[in-house]
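Okay, thanks for making the time, everyone.

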Amino acid sequence: MNSISKAVSLLFLILICHNINSQQIVGKWKTIDDDTGEAKSIVEIYKDTDGKYYGQIKELLNKSEENKLCVDCEGSDHNTPVLGMKIIKKMVKDGDELVGGTITDPKNGKVYKCKIWVDEDDSNRLNVRGYIAFLFRTQQWIKMN
């Protein structure tokens, strides 16, 4: 194998690995309630036609909350049904992370800056961090098969 073939093969391998890592974040994730430790919803993270990443609540695991509205949300999310709500908005890819967008807590309507990355020790766990300035909270979500 000559040096050009090796370089092309290496570049191809790097691109494939980067694409696989990007795709690890895309998919369905089970969210865990901070207070109870119980699973509370299924959120699907996807890349939209604008090239940005979003997360939408696809299922509420507590069936009594299926008709709940985000009454404390502001703007276009005010009184939006929590089921089907886009809680992660306008994230962009930066290396192995999604950054630059926001996450909404439908329980209280608060909107936080957001950072998302796959856990380095367990690819079936997603770290989702909401923050304001230097204050932050990180949840771990579980990959759905």
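Quick definition before we start: two strands pair if DSSP finds at least two bridges between them. Strands here are DSSP runs of E with at least two residues, helices are runs of H or I with at least four, and both are numbered from the N terminus.

Residues are numbered from 1 along each chain as its sequence is written, and side-chain values use heavy atoms, with hydrogens and water left out.

So, confidence. pLDDT is the predictor's confidence in each residue, from 0 to 100. The protein averages 88, and 84% of the residues score at least 70. Where is it lowest, and where highest? Lowest is helix H1, residues 3-25, with a mean of 51; highest is S3, at 98. Over residues 7-22 the pLDDT stays under 50, and that stretch has four contacts (heavy atoms within 4.5 Å) beyond four places in sequence. Where pLDDT is low, the predicted coordinates should not be read in detail.

On to the strands. S1, residues 27-32, pairs with S2 in the antiparallel sense over six bridges, and Gly 27 has Ile 45 in S2 as its bridge partner. Their hairpin has six residues between the strands, and Gly 37 there takes a positive phi near 80°. S2 and S3 also run antiparallel, joined by seven bridges. Tyr 46 is partnered with Tyr 54 in S3. This second hairpin has five residues between its strands, with Gly 51 at a positive phi near 85°.

Next, the core. By nonpolar core I mean buried Ala, Val, Leu, Ile, Met, Phe, Trp, Tyr and Cys residues joined through side-chain atoms within 4.5 Å. Buried is under 20% relative accessible area, exposed is over 50%, and partly exposed is in between, using a 1.4 Å probe and protein chains only. The largest such core has 23 residues, and the members touching the most others are Ile 45, Ile 88, Ile 116, Leu 126 and Trp 141. Strands S2, S3, S6, S7, S8 and S9 each supply at least two residues of this core. S8 gives the most, with four residues. If you click on Ile 116, you'll find that it touches, among others, Ile 25, Ile 45, Ile 88, Met 91 and Leu 126, leaving out residues up to four places away in sequence.

Last topic: salt bridges, meaning a side-chain nitrogen of Lys or Arg within 4 Å of a carboxyl oxygen of Asp or Glu. How many does the structure hold? Ten. One of them is Glu 97 with Lys 115, closest N and O atoms 3.6 Å apart. Glu 97 sits in S7 and Lys 115 in S8, so this pair ties together parts that are 18 residues apart in sequence. Both ends are partly exposed: Glu 97 at 23% relative accessibility, Lys 115 at 24%.

Glu 59 and Lys 63 make another, at 3.4 Å between the closest N and O atoms. Glu 59 is partly exposed at 32%, and so is Lys 63, at 48%. Then there's Arg 125 with Asp 122, 3.6 Å from N to O. And finally, Asp 33, Asp 35 and Lys 107 are linked in a network of salt bridges.
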